[in-house]
Amino acid sequence: MNLEHLRSTLAGTSGNVLNVEGGWYGVIQVPRTRTEEEWVLHLLQEHQVHVQPGFYFDFESEAYLVVSLLTPTDTFAEGLRRLRSIL
């Protein structure tokens with residue numbers, strides 16, 4: 001359910017949700033207007049949204065954000081709404 005919500009919420013934004021075949025994480029490619037670290041800190045400090053940078057998962061290039069698909073649905077939806085507002 002959260003994966004489908006991720007795809008539909010970010011559709012039409014500059015965030016590109018990567019295809020997954022299963023697992024607990026969703027990966028979003030975001031514009032390289034900031035480093036992954038800057039994205040993560042901005043989202044946390046200014047929007048209270050917790051994401052992980054792609055470099056935690058050995059992505060070789062920037063900029064990717066990783067979200068947990070195990071987050072409770074209401075919390076996940078609110079975080080995506082906040083993320084969408086800045087993409």
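**Ground rules.** I am working on a predicted model, in which local features need pLDDT of at least 70, side-chain atom pairs count only at pLDDT 80 or more, and totals for chains, interfaces and linings use all residues. Residues are numbered from 1 along each chain as its sequence is written, and side-chain values use heavy atoms, with hydrogens and water left out.

**Helix α3.** Next I looked up burial, where buried means under 20% relative accessible area, exposed over 50%, and partly exposed in between (1.4 Å probe, protein chains only). The buried residues of α3 turned out to be Phe76, Gly79, Leu80 and Leu83. They cover an arc of only 100° around the axis, which puts them on the same side of α3; the arc is that of the directions from the helix axis to the C-beta atoms. Asp74 and Ser85 are exposed, on the face turned away from that buried side. What do the buried residues of α3 pack against? I found α1 (2-10), β2, α2 and β4, with contact meaning heavy atoms within 4.5 Å.

**Helix α1.** Here I noted Asn2, Leu3, Leu6, Thr9 and Leu10 as the buried residues. Seen down the axis of α1, they fall within an arc of 135°, so they line one face of the helix. They pack against β1, β2, β4 and α3. After α1 comes glycine 12, with a positive phi near 85°.

**The sheet.** I traced an open sheet of four strands, ordered β1-β2-β4-β3, with antiparallel pairing. β1 (16-17) and β3 (52-53) stand at the edges with a single partner strand each, so one side of each is left without a neighbour in the sheet. Two strands pair if DSSP finds at least two bridges between them. Then I went through the pairings:
- β1 and β2 (residues 25-29) pair over two bridges, and asparagine 16 has glutamine 29 as its bridge partner in β2.
- β2 and β4 pair over five bridges, and glycine 26 has valine 67 as its bridge partner in β4.
- β3 and β4 pair over two bridges, and glutamine 52 stands opposite valine 66 in β4.

How covered is β4? Mostly: four of its five residues are buried. I also checked helix α2 (residues 36-47), which lies across β3 and β4 (64-68) and runs at about 45° to β4. For that angle, axes are lines fitted to C-alpha atoms, for helices over the stretch in contact, and angles run from 0 to 180 degrees between N-to-C directions.

**Aromatic pairs.** Rings of Phe, Tyr and Trp (its six-membered ring) pair if their centres lie within 6.5 Å; planes under 30 degrees apart count as stacked, over 60 as edge-to-face and the rest as tilted. I counted three aromatic pairs in the structure. One of them joins tyrosine 25 and phenylalanine 57 edge-to-face, at 5.2 Å centre to centre and 65° between the planes. That pair links distant parts of the chain, since tyrosine 25 sits in strand β2 and phenylalanine 57 in the loop between β3 and β4, 32 residues apart. Tyrosine 25 is partly exposed at 36% relative accessibility, and phenylalanine 57 is partly exposed at 32%. I then looked at phenylalanine 59 and tyrosine 64: their ring centres are 4.6 Å apart and their planes at 25°, so the pair is stacked. Phenylalanine 59 is partly exposed at 27%, whereas tyrosine 64 counts as buried at 12%.

Which peptide bond is cis? I found the one from glutamate 62 to alanine 63, with omega near 5°; alanine 63 is in the loop between β3 and β4. Aspartate 58, in the loop between β3 and β4, has a positive phi of about 65° although it is not a glycine, and it is exposed at 65%. Glutamine 48 has a positive phi too, near 55°; it lies in the loop between α2 and β3 and counts as exposed at 55% relative accessibility.

**Last look.** Leucine 70 is in the loop between β4 and α3 and is exposed at 58%. Its C-alpha atom is 6.2 Å from that of tryptophan 24, 46 residues apart along the chain.
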